[in-house]
Amino acid sequence: MQKQYIGELVLSTEQIAEGVSIVANMLNQAFDEAVVITVVPGGIIYTADLVRQLDFDVSMDYMSCPHTPGDSTNASEIVYHQNVSIEGKDVIVIDDAIESGGTMKRLVKHLEQFSPKTISTATLFVKPSRVEIPVKQYYAFEMTNDDLLVGYGLPWKDQLRNVPYISKLAR
């Protein structure tokens, strides 16, 4: 593991677990049923932790849009096969975080063409310089700065996603 890139602790495993519960409670109050769409690969770990705390009916699907962390101008291809129909349904797009927000904004816009009833996002945290995303957003933490972070799904050079906590990137 490339430990030289793991810097100051930002969210411990305990804080992450608490954040997952906070978001799960918000979603449990808001939905009776929903299609959960995980943004892969970053959202896999968070989604696994989150959906096990949801007490409403959930169908699951996934989509991807490779990008560089913090890049608000991501123009890479969106891959979404619509394995589960979302027409007329509440949709929750789950990712580990909204950093710049550019990718999530593109994903939400892409999903609108499939005529869902509603689209929401659920992330562990958001960053302050993110772009406006015109949907309901559920998150546990709002970071105070835009530092690059690693761990718990967040990569550096396609690694460190498996670190169980979130830390600042040390270069």
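The structure described here is a predicted model. With a relative accessible area of 53%, Gln4 is classed as exposed, because the cut-off for that class is over 50%. Although Gln4 and Leu169 are 165 residues apart along the chain, their C-alpha atoms are separated by 9.0 Å.

Helix α2 comprises residues 44-51, and its buried residues are Tyr46, Thr47, Leu50 and Val51. These residues lie on the same side of α2, because they cover an arc of only 115 degrees around the axis. An α-helix has 3.6 residues a turn, so residues three or four places apart point the same way. The elements that cover the buried residues of α2 include helix α1 (13-30) and the strands β2 (33-40), β3 (57-64), β4 (90-94) and β6 (118-126).

For α1 and α2, the angle is about 60 degrees and the axes are 9 Å apart. The two helices are therefore oblique to each other, as an angle of 65 to 115 degrees would be needed for them to count as roughly perpendicular. The crossing of α1 and α2 is right-handed. On the α1 side, the contact is made by Val20, Val23, Ala24 and Leu27, while α2 contributes Tyr46, Asp49 and Leu50. Of the residues in this contact between α1 and α2, six are nonpolar, one is charged and none is polar. Tyr46 and Leu50, which take part in the contact, are also among the buried residues of α2.

Helix α3 spans residues 102-112, and its buried residues include Gly102, Thr103, Met104, Leu107, Val108 and Leu111. The buried residues of α3 pack against the strands β2, β3, β4, β5 (97-98) and β6. Strands β2, β3, β4 and β6 are likewise among the elements that cover the buried residues of α2.

Strand β6 contains Ser120. The relative accessibility of Ser120 is 4%, and this residue therefore counts as buried, since the cut-off for burial is under 20%. When neighbours within four places in sequence are left aside, Ser120 is in contact with Phe31, Val91, Ile92, Val93, Val135, Lys136 and Tyr138.

Notes: Residues numbered from 1 in each chain as written. Predicted model: local features only at pLDDT ≥ 70, side-chain atom pairs only at ≥ 80, totals over all residues. Heavy atoms only, no water. Buried < 20%, exposed > 50% of the residue type's maximum accessible area, 1.4 Å probe, protein only. Helix = DSSP H or I, 4+ residues; strand = E, 2+ residues; numbered from the N terminus. Arc of directions from axis to C-beta. Contact = heavy atoms within 4.5 Å. Axes fitted to C-alpha atoms, helices over the stretch in contact; angles between N-to-C directions. Parallel < 35°, antiparallel > 145°, perpendicular 65-115°, else oblique. Left-handed = near helix turned anticlockwise from the far one by under 90°. Nonpolar A, V, L, I, M, F, W, Y, C, P; charged D, E, K, R; others polar.
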